[in-house]
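Notebook open, structure loaded. Below is what I looked up, in the order I went through it.

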Amino acid sequence: MIRALPGVLSAALVLLLTLGTLAAVFLRADVGSGLSAADWAAIRFTVSQAVISALLSVLFAVPVARALARRQFRGRGALITLLGAPFLLPVIVAVIGLLAVFGRNGIVNDVLGLFGWNVSIYGFHGVVLAHVFFNLPLATRLILQGWLAIPAERFRLAATLNASVWRMLEWPMLRLVAPGAFLVIFLICLTSFAVALTLGGGPRATTVELAIYQALRFDFDLGRAALLSCIQFGLCVVAALVVWRMSIVDAMGAGLDRVVQRWDLNRPIWDYGMIACAALFLLLPLGMVVLQGLPGLFELPQSIWAAALRSILVAVGSAFLCAGMSLALALRGGALVAVIGVLPLAASGLVVGTGAFLIVFPFVRPADVALIVTMLANATLALPFALRAIASAVADVQADFGRLAQSLRLTGWAWLRIVVLPRVRRPLGFGAGLAAALSMGDLGVITLFAGQAQETLPLAMYRLMGAYRMDAAAGAALVLVGLSLALFWIFDRGGRANVDM
Amino acid sequence: MLICKALELQQGDFQLSADMQFEAGQVTALIGPSGAGKSTLLAALAGFLAPISGAVLWQGRDLAKDAPGDRPMSVLFQDNNLFPHLTIAQNIGLALRPDLRLSPAEHAQVSDVLARVGLEGFEDRKPAALSGGQQSRAALARVLLADRPVVLLDEPFAALGPGLKNEMLDLVQTVLATSGRSLIMVTHDPADAKRIADQVVLVANGHATPPADTSTLFANPPKALVAYLGAGMG
């Protein structure tokens, strides 16, 4: 019904940034010398850390989800909301929090130091720790959904038969849900560059993405960066295809606020202990960000504020672009749009960035277009999440009011302005908020492009950490997380205000 | 005059044929069992469903190429006849200007038509603030203001109670069925047809019979109508 052009342009941009950058990478890949031993090590490290991270996340999530599914307590709703928060939390902020707890001078080492022990957060187990921190909440939500999807009548039936709930209901459910959760998290851990950048490194803890970054930034070996990008793409595609075949339960959905009545609850200590451990594991690093960040605010160099302004501009631009593209694609509809909507899920920010670098490099200085490329890439990478929220709302509007509008000659821009926009404001605001927060915290594409003059807040913060100015970095982390949540809140709020449907 | 010329419709495995004409100024009821294709026929007239063969003609002209909004018809659907986020005045103003840029004179027209359906002073309310009957009146007001020669009613009052439904049917008859307008209404209740329809089309067994005079038809019902009405009636 609506003019096709905006939808076509959006699809073209997504295709350019996903398949186009990929083509650039393929064309430039330097296969001459093949893969070095270091490359093989990077591949092994990437896959093994992702497997272990996903495995641990799911293993720990099972008892936590089980406890949340069957216990009702004050603060349960808040805790479940908190489980959704890591999605919006900038990775580098979480890393600062984890360093404050598990780092060299962190709480854990202070305690262990009393016995003469210490642990290091850098390397394999640091990367895994950060990944579990991010993905335990996601795994818990996915599995909790599976638990709550078991009809209450089945529990009643099991109780009357005096049968084992675990064997009859819970184990079969887990066998369905857990593999899906594992694969989603495995895919996420394949492409989490910022964790590897901050906690990995060195010959024994370099991911493929980190190797791309090093080839491009330090060695300026474009052929090798392109070759590594092809490998990263291959890894992602294999994982994405497997995920695609499994049907994944929607983790963003609501409805996690009910508790099923059960008759087999005799050990509350175990359940509440699991919940307390999980809450502590998630809240302690976040609390440390605030605790160390507050004094750090006074240590912030002047340049942080310029970086923050750049980040806000990129995030707001990316939010509007992402919401606009999602709306245009949703209005166009169709199978092709559905495919375009999930393509970015299989894309790695670093591969997109490398491709974009190769495309613009012959024409302009990459640093000059750092912010605009970051904005476009962030909007594209956030598109699947925004589109999922917006597309179903647009489909509802078309189903409810499409014929009425047609019979009133309400078409084109008038249909968009008078009917669609007012009715999809909520998901549009939510999608834009999501894109803004993701873009605000992004430490991927920007690292490939930016010089000193284009640094965004996450990059400025990373550079402070690299210079061992941890107090200032903690202050920047607090500013960053505050701005991310504020942007999300403003957009989401904007979609909700004065809505009467 | 609106003509269905050897019309063949298909929706999934369902097929319906119709060959008939609707005279100007007549109220025609489409009755028949649910799932028989009453709404399908209406959708084809309105332009939401393209026929696999045959044509819908208006004043001798084939309407096949006309979009629903360009046909000489207004439609009232079973539900969702008002946009919930627009005021009553905006909902009705859509009949005059789909882009809602109304002149003062057009605003006055909106107020006039609201008064004619008994909704004076309701301009700035949202549909949710109105009762079911008032919402139906507002939707009727828009049809009235659009002033197209054919009005299609797809059971818009089905959700109202019997008293309110009769009230709305009477309002349709007194306000809409005037100045030579043709009304075609879907109903599954023979009482509705008897109340306001001049003629009845029976839709059953994949076929729509040509319109027959209401009182004659019910006095001497054909087999398909008896089957629908049941043994105790007719």
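I began with the bridges of strand E8 (residues 182-187) of chain B: the partner of Val151(B) in E8(B) is Leu183(B). For my own reference, two strands pair if DSSP finds at least two bridges between them. Helices (H or I, at least four residues) and strands (E, at least two) are DSSP runs, numbered from the N terminus.

A note on what I am looking at: this is a predicted model, where local features need pLDDT of at least 70, side-chain atom pairs count only at pLDDT 80 or more, and totals for chains, interfaces and linings use all residues. Residues are numbered from 1 along each chain as its sequence is written, while chains are lettered from A and ligands numbered from 1 in the order in which they are written.

**Chain B, strands**

I then checked E8(B) against strand E3 (residues 27-31) of chain B, and these two pair in the parallel sense over 5 bridges. Ile31(B) has Thr187(B) as its bridge partner in E8(B).

I found 4 bridges joining E7(B) to strand E6 (residues 73-76) of chain B, and the two run parallel. In that pairing, Val75(B) has Leu152(B) of E7(B) as its bridge partner.

**Chain B, helices and a loop**

Next I looked at helix H3 (104-116) and helix H4 (132-146) of chain B, with Asp124(B) in the loop between them. H3(B) and H4(B) pack at an angle of about 125°, their axes 9 Å apart. Axes are lines fitted to C-alpha atoms, for helices over the stretch in contact, and angles run from 0 to 180 degrees between N-to-C directions. The pair is therefore oblique; the classes are roughly parallel under 35 degrees, roughly antiparallel over 145, roughly perpendicular from 65 to 115, and oblique for the rest. H3(B) passes H4(B) in a right-handed crossing (right-handed if the near helix is turned clockwise from the far one by less than a right angle, left-handed if anticlockwise).

I listed the residues that meet: Gln109(B), Val110(B), Val113(B), Leu114(B) and Arg116(B) in H3(B), with Ala141(B), Leu144(B) and Leu145(B) in H4(B). Contact here needs C-beta atoms, placed from the backbone, within 7 Å. That H3(B)-H4(B) contact divides into 6 nonpolar, 1 polar and 1 charged. Ala, Val, Leu, Ile, Met, Phe, Trp, Tyr, Cys and Pro count as nonpolar, Asp, Glu, Lys and Arg as charged, and the others, Gly among them, as polar.

Is Asp124(B) buried or exposed? I have Asp124(B) down as exposed, because 10 other C-beta atoms lie within 10 Å. Leaving aside neighbours within four places in sequence, Asp124(B) is in contact with Thr87(B) and Ala89(B).

**Between the chains**

I find 20 residues of chain B in contact with 16 residues of chain A. The chain B side divides into 13 nonpolar, 5 polar and 2 charged.

**Chain A, helices**

Over in chain A, helix H2 (residues 37-70) and helix H8 (residues 165-190) pack at an angle of about 140°, with axes 8 Å apart. That angle makes H2(A) oblique to H8(A), and their crossing is right-handed. The contact includes Ala50(A) and Leu55(A) of H2(A) and Phe182(A) and Phe186(A) of H8(A). By class I noted 14 nonpolar, 4 polar and no charged residues.

I picked out Ala50(A), which is in H2(A). Ala50(A) is buried, because 24 other C-beta atoms lie within 10 Å. Not counting residues up to four places away in sequence, Ala50(A) touches Phe186(A), Cys189(A) and Leu190(A).

Last pair: helix H18 (residues 425-440) and helix H21 (residues 470-496) of chain A pack at about 170°, axes 7 Å apart. H18(A) and H21(A) are therefore roughly antiparallel. Their contact divides into 11 nonpolar, 5 polar and 4 charged residues.

Technical notes:
Contact = placed C-beta atoms within 7 Å. Buried ≥ 20, exposed ≤ 12 C-beta atoms within 10 Å, placed from the backbone.
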